[in-house]
Amino acid sequence: MEKFGKSQPVTRVEDVRFVTGAGGYVDDVAPKDALFAYVFRSPVAHGVITELDLADAREAPGVHMVISSADLHEGGLTGGLSAALAPGRDGSKNAEVRHPILAEDKLRFVGEAVALIVADSLAEAKDAAEMIMLDYDELPVQTFLAPQVADLHDNVPGNRGVDYALGDAEAVDAALKASAHVVRAEVSDNRVMVVSMEPRGCYAEWAGDKLHLCFGGQGVWGAKKELCELFDLAPENVRVTHPDVGGGFGMKAKTYPEYVACAFASRALGRPVRWTADRTESMLTDNGARDLTHEVALGFDADHRITAYHVKTKYNLGAYNSNFGQLIQSHLFARVLTGVYDIQTALLEAEGFYTNTAQTDAYRGAGRPEANYLLERMMDYAARDMGVDGWELRRKNFIGRDQFPYETVSGENYDVGDFPRLLDAVAQAADRAGFEGRRMESESRGKLRGLGLCYYIESILGDPSETAKVEFNADGTVNIYVGTQSNGQGHETVYAKFLSDQTGIPMDLIRVVQGDSDRIATGGGTGGSRSVTTQSNATLAVTSTMIEKFTTFLAEKMEVAVEDVSFDDESFRIKGSNAAPTMIDVAEMAREASRPELLVHEEKAALPGRSYPNGAHVAEVEVDPETGRVTLEAYTVVDDFGNLINPMLAEGQVHGGVVQGIGQALMENVTYDEDGQLLTATFMDYAMPRAADVPMIAFSTEPVPSTRNPMGMKGCGEAGTVGSMASASNAVMDALASRGVTRADMPFTPERVWVALREAAEGSEAAA
């Protein structure tokens, strides 16, 4: 990293304002004179609206406006939220349904926005909501994937929104029939919530015909495009901004109905309008994650090498398509066929169904965790069923060092990798050799102990291009404008340090500007572990441009040949002169010479291909068979992230991701009752991992630099989650297997573990 980064563990500069209460989140930066919005929501999961009477609410104290879908239409806002559609099995696009800003004829999930109340205070808006009269005829409710109970949308019979396939069905069937061993299982991924630290929120304001929408998001350009279309505005008349954002996870990338309704109300009232969700609102309406059931077959030859892989997946779309929901779920589920194993024949069949729930397409459940979880659970089941060592089964099936570049059956093209090296490293770091002694010690106390392995691989997703702009200010500071958006990852530190390393500009003089569609014209936003790699690539491009232009300028000014001027990452050198002006110095010279074109530089750059972070996670658990309680005793990670810009922040990202995956594996679970009412709508009912639930996480890297970007980097933002779900689950299964449990799914809560142990014991007694 000498050329492209110093790889130093620089502490986060943004943390000072965050921990001292100086952060600027939506609620902090909303205009002081903004009116408060509150959303009246559907109390039922499915019904036909027969009456919506807003008259009393409109007369309530402090109320300025109450709007329904009819008011939106009357005001010219007739469109619905956009949706991305994936190709179907037959090549046609899958189901497209209308997603209204406010419910129109039907109610399709508990919490769906029905009306927006705008008042002087939030309390007055809430009081007015109590005066709304909503009558409806209830319809049958469906919160599960199949079979169909009642159609949610008239144009989607059976509620099947996606029907997708990838692979060669005949070849897979033939390979499975010819296999010496076939392992079959049904594997479920429980639905989880994002529950970001900062709930969703926004404010909208107008200056004449120009709309400004500020919300906590993951990229401003998608929302800008959607607002232009909905309000029939030219791009120059829409500005979208993000302030500090407290967690994203893909959930905050979407344009939600509340943002559009607030913009409509603000235009009508000529006042800024603000809205912030409370925690229960978020749990009801935020895009959720996962909620899938897989039927899987994994074939092996007599030497235990994989011959075929067949996955049939059913997953929950929720009530509507999202901006990218179907696209994510189907295309990224294709990566269930992409692994670190040398699989030659595979088939994925995926069906997505509409249900009376909120959407399920957040990155926290968008394909990569499921893909690795499913394959690694199946490898663990296969090892037990065939009586072989699970670690050696994986090693035998790895893509070999001499097989790169390697094209998978789903079209991914891995450039580099050294999977056996990382497996050896994690075995040593986790003290696998000493595990049997620890297991025996646990058993002496009446406990069960298990060790679980997951070897994962993922890919950087989204737009491979990104934009960077550098601006030299009169006060000696420098702005770098970026097209990604920090949601807590530490981008301000990483980007400032990277630019400093390439240019010699002191880091404390660099200001990172993000999340403003007026200040930087294009960007891909944040998601899919793309940010640092794509943004740093753009920074290298703009740095190269600056060096080239400053070199030419200096040559002219010093009256020397261009080739006599060089740059050494800190200052310019002029042959035959002791002068060593820095970037800041040259910018000031350009300002004095009235050369403003040299004070702003912008470049857009695209990566030539994806990079593929990978690694091995090992979880060690202890289970109390009397209570079913699972305790995570140790956790070890060895990752290949290629070259690192900031190892400290990379480790922090892994820690957070690991805890997130452990949460799903051991405790988190979204639950609805038979009427579609969410039973886990508060932290009293929805379990989240706390510090006491997690041991110290051992982290190290074995880098194999990527060839797909000049920095040799691989994304790391989601790696912790991708590896931890399967490793924790496999560890629990390893413990339970000693008592005859053969199949079980997340979450491994005390009740579920206790029941699994009792059922296995009863089965053994019956067999005897």
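Predicted model: local features only at pLDDT ≥ 70, side-chain atom pairs only at ≥ 80, totals over all residues.
Residues are numbered from 1 along each chain as its sequence is written, and side-chain values use heavy atoms, with hydrogens and water left out.

I checked phi next. Histidine 304 is not a glycine, yet its phi is positive, about 65°. Histidine 304 sits in the loop between strand S13 (292-300) and strand S14 (306-318); helices (H or I, at least four residues) and strands (E, at least two) are DSSP runs, numbered from the N terminus.

Phenylalanine 249 also has a positive phi, near 60°. I placed phenylalanine 249 in the loop between strand S11 (238-241) and helix H8 (257-269). Most residues other than glycine have a negative phi, and most peptide bonds are trans.

Then I turned to omega. The bond from phenylalanine 404 to proline 405 is cis, with omega near -5°. Proline 405 is in the loop between helix H12 (390-397) and strand S16 (406-407). Methionine 746 and proline 747 are joined by a cis peptide bond, omega about -5°. Proline 747 lies in the loop between helix H19 (719-737) and helix H20 (750-767).

Last, the whole chain. I noted 20 helices and 27 strands. Buried residues make up 59% of the 768. The C-alpha atoms fill a box of roughly 95 × 75 × 50 Å along the principal axes.

How values were computed:
Buried < 20%, exposed > 50% of the residue type's maximum accessible area, 1.4 Å probe, protein only.
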